[in-house]
Number of protein chains: 4
Amino acid sequence: MAIFINKTAKQPELGFGQKNYNKAVRFINPDGSVNIKRTGLRGLKNLDIYHWLTTISFVKLILVILAGYTVTNLLFAFIYYMIGANHFGGLETTSEGNKFMSLFFFSAQTLTTVGYGHVFPQGFAASAASAIESLLGLLGFALATGILYGRFSRPQADLLYSKNALIAPYQDITGLMFRITNKVQYELIETEANVTISYNNSETNKREFAQLKLEINRINFLALSWTIVHPIDDESPIKGWSVEEFMKRDAEIMILVKAINDTFSQTVYSRYSFKANEIVEKAKFKPLKQEADKNGRVVISVTDIHKYEVLN
Amino acid sequence: MAIFINKTAKQPELGFGQKNYNKAVRFINPDGSVNIKRTGLRGLKNLDIYHWLTTISFVKLILVILAGYTVTNLLFAFIYYMIGANHFGGLETTSEGNKFMSLFFFSAQTLTTVGYGHVFPQGFAASAASAIESLLGLLGFALATGILYGRFSRPQADLLYSKNALIAPYQDITGLMFRITNKVQYELIETEANVTISYNNSETNKREFAQLKLEINRINFLALSWTIVHPIDDESPIKGWSVEEFMKRDAEIMILVKAINDTFSQTVYSRYSFKANEIVEKAKFKPLKQEADKNGRVVISVTDIHKYEVLN
Amino acid sequence: MAIFINKTAKQPELGFGQKNYNKAVRFINPDGSVNIKRTGLRGLKNLDIYHWLTTISFVKLILVILAGYTVTNLLFAFIYYMIGANHFGGLETTSEGNKFMSLFFFSAQTLTTVGYGHVFPQGFAASAASAIESLLGLLGFALATGILYGRFSRPQADLLYSKNALIAPYQDITGLMFRITNKVQYELIETEANVTISYNNSETNKREFAQLKLEINRINFLALSWTIVHPIDDESPIKGWSVEEFMKRDAEIMILVKAINDTFSQTVYSRYSFKANEIVEKAKFKPLKQEADKNGRVVISVTDIHKYEVLN
Amino acid sequence: MAIFINKTAKQPELGFGQKNYNKAVRFINPDGSVNIKRTGLRGLKNLDIYHWLTTISFVKLILVILAGYTVTNLLFAFIYYMIGANHFGGLETTSEGNKFMSLFFFSAQTLTTVGYGHVFPQGFAASAASAIESLLGLLGFALATGILYGRFSRPQADLLYSKNALIAPYQDITGLMFRITNKVQYELIETEANVTISYNNSETNKREFAQLKLEINRINFLALSWTIVHPIDDESPIKGWSVEEFMKRDAEIMILVKAINDTFSQTVYSRYSFKANEIVEKAKFKPLKQEADKNGRVVISVTDIHKYEVLN
C-alpha cells in the first residue's frame, strides 16, 4: 500500500496544518468532500466550469442547460429583432410580440439545427447571424456531449460505510472498527484503506494527526463487506479513550479508501469521516446474513452493515 | 506483482467471507462476473444506467434505443395532439389517426433535428414544445455518443482460457496448470496472474481460501500462449487431492489476470474460474503448433490451447 | 516516491545533456513548458494538431474554429457557384454577388446541418456536393466534440507556487524553501515533489544537475499549503551559496510535482522553476492565516503563500 | 523500473516460446507491431472494429466512412424506391433514374439530419423509414465522434530511434548502443527502457531470449536525446560477437520504452527492434549539436541522432 505511506516523515504530514481551531471543525464532510474554502484569487480561476458541471446534481445540470438555452435564444431573438423582421421569410408578423416570439423560436430551431425552414433568414445580416448561431449550437452541443460523458464515465466508488464506528472487543483487547460494502453490482478489487485521526492536543494547544494502524489494510475482492479494524493496543494513539474523550478533543476519524473497478479498469477513491458522536462504545457488529440462492448465487443485504448490538 | 499480494494478512483475505454454504456455490462465473446479488437499497441506486448500457449486449442496446425513441415520439405526439393539430402548418388532417401519425413523425423529425419543415409548429405552445423536444433530442444524442464511446473504449482483455485445468507432470512432481492466450491482434505486455482456491473445510465447516503459488506469475509479452503452473509441492494446499476431492469440497479455482495493452495504454483485467468438474487428472497439454510463414511471421492457432492428451 | 528516483545512476541523468551554454538558458518556463525547440523533421510530424488544439488558449481555439468555418463555407460556395446557381432552388439571384452570398449561407446551413430548405440543391452535382458537405459538417463537429472534451478532461494540477524561493532559517541551519497551494476547490492527495538544480560548473565548464534532498517529499493531502524545504546541510550541493553565486552560475531550480485528484481519479503533474533572481536570502515565509468559519469550515487565502518577511 | 523486471523467473520468460524456426523471423516490426498471426477463431471475434478504425491510417478511415455513407444511402434509396416515389412530396419524377437519384439525396439529407425539406416523406411507410434513417444517422455520427476522439486521444510515444545500433567503445570495453529522441514538442518524463535479445542457439537448436543490462535504464526527462547503452562486459550474452555472429544467429534486439507524457498524464509505450543487419561495428555516435538561441531556448535537430562515424 505504498501510495498511502509517508516514508520520509516521522509523523504523518497530512497537509492540514497544525492549527488548533477555537471552534469544532470537520475536515471531511459525510459526502467525502474536504471542508476547506479557498479565497484570494480573483476571477473565474476558482470556478472550474467543466468540473463543476460534471459534479453538480442532475437536476441542477438540467436547470443550467435550460437556462443557457433560454438565454441564448433570447439573445439571438433580440439580435434578429434588431436586424429587422422583414429580413426573415415566412415570419408571422401580426404584432411586435408575435414577431419576437417567432424570432425566438426561429433561434431555437437554428441553435438545435432542427431548421424547419418555414422561417428563414434573408439578406446578409440575418443569414450571417443565423450561420453563427447554428455553429454555436453545434459547439454547445459538443460541450454537452463532453459534460455528459464526463459525468457518466467519472470513476465512482459507491461505498456504503456503516453509520457508526464501534469500539468493540477484538481478540484480547478492543478495536476501533467500522464496515464498508460496495453498493453497486460491479466488483472492486485490491481495496486499500487508510485511517487517520485528527484531534486537539490540550497540552500543546495544537491540532494533531495520527495514523491508525489497521489489522488488515488491503483485501483482494470487496465482494461482500469488509470490517476495517484498528486494534487499540499499547501503541495506539487512542488507547484508553472513552467516547467523551473523543468528543472533548473534537476528534475526527478520517478514512481514505482506494480500489480498482476492474470492469472499467478505473482506480476509484472514497473518503469518509466519523466525528466523535458517531462512535459507539461497548458494541459489536452483527454478522451479515449471507445465503446461497437456488442458482448458487450468494445474496446479501447491504444495509445490514449498519447493524450492531450493544454489549453489557 | 505488488498489486496482487496482501502484505499484512497472514492468510489471504479475499473479501468473500468464510461462510460454508449448504449448497454448491460458484463465486466467479465463466464470463468473469462475480456471482453475488446485493439487496437492501431502495430506488435506482443499484441500477447504474450508464454502466448498464455500457456492458449489455449490442442487441439489447439497440432495443433500448429503439424503445426510448418510440416512447419519446409517442409522448410528444400526444403533447402535440393535445395542443391541437391546427397549431401545425402543413399537417395532413384527413382523419384523427392521420393527424396523430403526422404529429408522431413530426416529433421524430424534431427529435433527430432532421426538421424537413413540411410540417412546422405555429404559435407559442407548439413552438415551445418542439423547441424543448429538439433540445432533448440533442441531449439524448449526446448521451448516446457517450455510451457508444464508453462501450468501445472499455479496456478488454480478450483472453481465451483452456477449457480445462490439468493436473499434469511437472518436473519431479505434478502441477495444476491451465493455458491462456490472447484472442485479438493486439499484444498484451506485463501479464500477471493470480490464482486462488476456495473450498469447504469439512473439519471447521468453513469455506476457506488459499493462494496457489505459481512457477512464474508474470511474463513480459503474452505473444503466443502462457501455461500457468502451480507446482503441487509439499506446501501446496491441494497436495494429494484427486478430482473427487476437489468435487467433494466444492472447490473453485479463481483466476485474476492483469495485463497492459500497450497499443491503447490500457490496464486490462480478466477473471475466470475452474470448478472441480473442469479439472482433469493425468493429462498434459499438447504443444501449440507455431510456424514461421513466408514473411517471417509466426502463425499460431489459438484454439489449440484447449488440446491435451491423457497419460497412462 | 519511486517514480522520481533514478536507482541505477549515481548522478541524476535528467536527459538535458551536460553542455555549458555560452548564454543564460532557462530549461523550464514559468508556465511549466520545457524550453527546447526540436528541428530537423520535415512535414507535419512535428505539429500534432489534436494536442495543439487541446492546449492552445480558448480565444485562439475560437479563432481557429471561426476561420475553419469561414474557409470551408467559402470553398463550398465557390464549388456551388461553379456548378451554377440555376441548380439551386429558391436562390436569390438578383446579382452575381447576391448569388454567391446566398450560396455561402446555403453552405453554412448545410455544414451545420440546420438545412432550412428555402434554398435547396437540384440535380446531381449540386446534390452530391451538398451531401458531401453535410457529411463533412458532421465529421468536423465530431472532431470539435473530441477537442472540447479533450480540453476539459485534461488533467490539470492548478498549483500556485510562491513567487520566490527563500533561503530561510531551518532548524539549526538554513534551508531553501518555497510554498505551493492548490488553486481549485478539488483536493489533491498523495502529492509528491522532486527538486533539481541545474548550474554551470566553472571548473569543468559543463552544465551540472543535482537533486536537492527534501525534508518531506510527499504529503497525504494538499489541503492547505505545503512548504517544500531543502535543508542546506553539509551534503547539499548549494551549501554556502549566496544569491550572487546562484546568479553567477546561471542556476535554475527545477520542480516537478505529481499528485492525484481523487475526485476525477487523475494523476496530475506540474512543473515550475525558479531562476537565481527569484531567490531571496535572509527571509522567511509568513504563516498562512487559516480560520474556522461558523460552519466549521476552514478558510484560507491562497495568495498569502507569496508573503514573506525579510530577516535582519 | 519494476514494470519490466521479471522477479520470479531466473531466465526471462517473454511469452514468445523457444521454438527455433527454420527461417529467419522478425518478432517486432519496425513500426512496433508484433509479428504474430492468430488463427483458429471463427467469426468477427478476431476483428475488433473499433480498435481497427482507431489504428488504421487516416486515408483508410476516410475511405471507410465514405463507403459506409454511400452504401447506407444506396440501401435507403432502394427502400424508399420500393415504398414508391409517390409517397414523397416535392420529388423530381421526370424519369426513373431521376427518381432514384432524388431519393438517394433525400436519404443523404436524412442521414446527416440536414433535412432541407424540399423533398419530404408522406404516409406511414416513407415517414417511418426516414425516421429510422435519421436515428441511424445520429448513431452513426455518435460512433464517428467516438472513433475520432479515440484516434486523437490515443497515447503515442513519438520516439525516433537511431537507424543503427552501434558496437562502440564504452569506458574500457565496448557497448551496444542506440539513441532515441522525442519527435514532438511535448516532454516525456520518467522514460524507461528495456532491451532483450532473441537469437538461435545452434547447440540446443532453440530460440533463446536474454535481457541486456543497461548502464542507465531510466531518465527523468527525455528532453534532448538519450543514448541507451548495454555494456558488453563479461556477463553480457553477446560478449565477443561480431556482426556476422549476430547475422548467423538471426539475432533481433527488441526494445520496449515506457514513458509518461505529463502534459496529458498519459503513460505511453514504444516498441522497436534492430535486426543483425542494422548493427554497425567499430563506430560511434556523433554528439548532437545543441545551441542556445537568443531567447535562452535550447535548439536541437532531432535527425542528428542517426549520425555516427566509423572508427579505425
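**Entry 1**

I started with S15(D), which 3 bridges join to strand S16 (residues 298-301) of chain D, the two running antiparallel. In this notebook, helices (H or I, at least four residues) and strands (E, at least two) are DSSP runs numbered from the N terminus, and two strands pair if DSSP finds at least two bridges between them. This is a predicted model: local features need pLDDT of at least 70, side-chain atom pairs count only at pLDDT 80 or more, and totals for chains, interfaces and linings use all residues. Residues are numbered from 1 along each chain as its sequence is written, while chains are lettered from A and ligands numbered from 1 in the order in which they are written.

I then looked up what faces Ala292(D), and found Val298(D) in S16(D) opposite. The whole open sheet has 3 strands in the order S1(C)-S16(D)-S15(D), with mixed pairing. Strand S1 (36-39) of chain C and strand S15 (290-292) of chain D are at the edges with a single partner strand each, so one side of each has no neighbour in the sheet. On average, neighbouring strands here are turned by 25° against each other, direction ignored (axes are lines fitted to C-alpha atoms, for helices over the stretch in contact, and angles run from 0 to 180 degrees between N-to-C directions).

**Entry 2: where chain A meets chain B**

I checked contacts next (C-beta atoms, placed from the backbone, within 7 Å). I found 50 residues of chain A in contact with 56 residues of chain B. H4(A) gives the most to chain A's side, with 7 residues. By class, that side has 26 nonpolar, 17 polar and 7 charged residues. For the classes, Ala, Val, Leu, Ile, Met, Phe, Trp, Tyr, Cys and Pro count as nonpolar, Asp, Glu, Lys and Arg as charged, and the others, Gly among them, as polar.

Strands cross over here too: S16(A) runs parallel to strand S1 (residues 36-39) of chain B, joined by 4 bridges. Val299(A) has Lys37(B) as its bridge partner in S1(B).

**Entry 3: where chain C meets chain A**

I counted 49 residues of chain C in contact with 55 residues of chain A. H4(C) supplies the largest share of chain C's side, 7 residues. I also found strand S1 (residues 36-39) of chain A paired with S16(C) in the parallel sense over 4 bridges. There, Lys37(A) has Val299(C) as its bridge partner.

**Entry 4: cores and domains**

Which residues touch the most other members of the largest nonpolar core? I got Ile228(A), Ile228(B), Ile228(C) and Ile228(D), in a core of 214 residues. Such a core is a set of buried Ala, Val, Leu, Ile, Met, Phe, Trp, Tyr and Cys residues joined through C-beta atoms within 7 Å. Apart from it lies another core of 114 residues, including Phe106(A) and Phe104(C).

Chain A's assignment, automatic or from a database, gives domain 1 (44-153) and domain 2 (157-310). I noted 50 Å between their C-alpha centres.

**Entry 5: two positive phi values**

Thr113(D) is not a glycine, yet its phi is positive, about 60°. I placed Thr113(D) in the loop between helix H3 (96-111) and strand S3 (120-121) of chain D.

Ser265(A), also not a glycine, has a positive phi near 55°. Ser265(A) is in the loop between strand S11 (252-261) and strand S12 (266-275) of chain A.

Buried or partly exposed? Thr113(D) is buried, with 28 other C-beta atoms within 10 Å, while Ser265(A) is partly exposed, with 18 C-beta neighbours inside 10 Å. The cut-offs: buried means 20 or more other C-beta atoms within 10 Å of a residue's own, exposed 12 or fewer, partly exposed in between, with C-beta atoms placed from the backbone.

Note on methods: Two residues are in contact if their C-beta atoms, placed from the backbone, lie within 7 Å.
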